[in-house]
Amino acid sequence: MMSREIAPPRPSATAGSRFGLALSALLVVLLVADGMVDLVATELVRPQMEATGFPPSLAIPIGCIILVCAVLYAIPSTAVLGAILVTAFAGGAICTHLRMQEVGSPPEWISVFLGVLAWGGLYLRDDRVRALLPLR
């Protein structure tokens, strides 16, 4: 009689990877909420768009861009591209507020927070990113 070897159980997710997934989920929820507001409540974002020098007609395209970033970030195989795009989008927002001489304004801190969520969540949940950027 032949004995069958039983495969060892797969290790459960580490606390770090679970925390990374939570950070990533929070980022996706925030991006989807922001994108949906831009798409369905354009009058709500009109004052902010005008204050930053953008025509309010760009609210819908910007909302679509934000949603695409969220989807790309949420898919594991395109998460790095999504993180790059989220970072670029947040950097553009920071530059817009610097141009308006709003150094240290809440929108700038929110943009920094989104970038930290994107890369922090990805770093904790993806071994490949940790291999590229080993912290010592």
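What covers the buried residues of α1? The cover includes α2 (42-51), α3 (59-74), α4 (79-99) and α5 (106-125).

## Basis

This is a predicted model, in which local features need pLDDT of at least 70 and side-chain atom pairs count only at pLDDT 80 or more, while totals for chains, interfaces and linings use all residues. Residues are numbered from 1 along each chain as its sequence is written, and side-chain values use heavy atoms, with hydrogens and water left out.

## Helix α1

Helices are DSSP runs (H or I, at least four residues), numbered from the N terminus. Helix α1 has 26 residues, 15-40, and at 1.5 Å a residue should span 38 Å; its end C-alpha atoms are 37 Å apart, which agrees. The expected span is 1.5 Å times one less than the number of residues.

Buried residues (under 20% relative accessible area, 1.4 Å probe, protein chains only) of α1 include Ser-17, Gly-20, Leu-23, Leu-27 and Asp-38.

## α1 with α2

The axes of α1 and α2, lines fitted to C-alpha atoms over the stretch in contact, come within 6 Å and cross at roughly 100°. The two helices are therefore roughly perpendicular (65 to 115 degrees). In contact (heavy atoms within 4.5 Å), Val-37, Asp-38, Leu-39 and Val-40 of α1 meet Thr-42, Leu-44 and Val-45 of α2.

## α1 with α3

Helices α1 and α3 pack at about 160°, their axes 8 Å apart. They are therefore roughly antiparallel (over 145 degrees). Among the residues making this contact are Leu-27, Val-28 and Leu-31 of α1 and Ile-60, Gly-63 and Leu-67 of α3.

Key. Buried means under 20% relative accessible area, exposed over 50%, partly exposed in between (1.4 Å probe, protein chains only). Axes are lines fitted to C-alpha atoms, for helices over the stretch in contact, and angles run from 0 to 180 degrees between N-to-C directions. Angles under 35 degrees count as roughly parallel, over 145 as roughly antiparallel, 65 to 115 as roughly perpendicular and the rest as oblique.
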